[in-house]
Amino acid sequence: MGATQFQAILQALRQRQMTFDEVAALQGLLATAMQGDECFALIEAAAGRPPCPRCTCPRCHRSGAANGLQRFRCTACGRTFNALTGTPLARLRLRDKWLAYLTCLLESTTVRAAAERVAVAPSTSFRWRHRFIAGVRREHRPKLSHIVEADETYLLESQKGSRHLTRPARKRGGKARRRGVSKEFDCILVARDRSRVTHDFVTGRGPVSAAQLRTHLLPVLAPDILLISDAAKAYQAFAQAAGLTHEVVNVRAGIRARGAFHIQNVNGWHSRFKGWLQRFHGVASRYLANYTGWQRVLDAGSPATPLDWLRIGVAPGRYGPGCQ
């Protein structure tokens, strides 16, 4: 739009007596346009000049623009890509509404409420939820150090949204067929140190094993840590095999703490997670890792703003195969 056309529009608006609804609609349009420009600028700034997602070659040159984003062409493989290629946000549309939707995520808004607020379809809202959460889960977190608490909690397995159940349907979530922890439950392992650095893992069905602890927990532990857990034998076997100093708090015997040895920080995280999860009226097991990651982000208070969330989601680092 040229300067002459813009001045003509301003003059027409001055001469018109607008209603309250018209003013509100105009303000919404201007806010959307500003957010769209801000979103594009942030994506370009966060990504910089990314390497080729296909062959990781750092040599590329500009090759036009598409959908508001600069495209690059790799000099090695000849494929084109943009700042979002290979990230969880690739191929998502309506980027002018992303920042408004990220505000909904920070407020833990439900799928339908977020869709209504941002004016997108519920299916789009659901897709965006999990893409944006997958983006922020890519952020590198420091290893757990010094005193580390580890414990697991369990949620009844759910096939919510599935068209092909592998078991008889349960009414309103239902209950397990047998008492205690069994293969009907998803295991959520949480480890947290005293500086509030938290790592969460969905290890599978049933009680956690020493092999699962070695796969998930060992890579995020710094050397010379003190591991504190309950009296489950899996932790004892894991700590002995890994050569870790290990202290046990026998919670089942009613012992909550032995001086500085306790797992109350992890158990508090479990309690907050389950209370927060109730607003969604059950989540499918296949998406459970996204919800634990979402709660971890909210609990840590980082990212604290939609701009921070978007900056993490588009930052170069982990790319999928192939260019888009």
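Arg205 is partly exposed, at 37% relative accessible area (partly exposed lies between buried, under 20%, and exposed, over 50%, with a 1.4 Å probe and protein chains only). Its salt bridge partner is Asp186, with the closest N and O atoms 2.7 Å apart; a salt bridge here is a side-chain nitrogen of Lys or Arg within 4 Å of a carboxyl oxygen of Asp or Glu. Arg205 sits in strand β6 (residues 198-205) and Asp186 in strand β5, so the pair ties together parts 19 residues apart in sequence. Helices (H or I, at least four residues) and strands (E, at least two) are DSSP runs, numbered from the N terminus. Asp186 is buried, at 5%.

Before I go on: this is a predicted model, where local features need pLDDT of at least 70, side-chain atom pairs count only at pLDDT 80 or more, and totals for chains, interfaces and linings use all residues. Residues are numbered from 1 along each chain as its sequence is written, and side-chain values use heavy atoms, leaving out hydrogens and water.

The structure holds twelve salt bridges. Another one joins Arg258 and Glu247, at 3.0 Å between the closest N and O atoms. Arg258 is in strand β9 (residues 257-258) and Glu247 in strand β8, eleven residues apart.

Now helix α7, residues 233-242. Which of its residues are buried? They are Ala234, Tyr235, Phe238 and Ala239. They cover an arc of only 125 degrees around the axis, which puts them on the same side of α7; the arc is taken from the directions from the helix axis to the C-beta atoms. On the other side, Lys233, Gln240 and Ala241 are exposed. After α7 comes Gly243, with a positive phi near 70 degrees.
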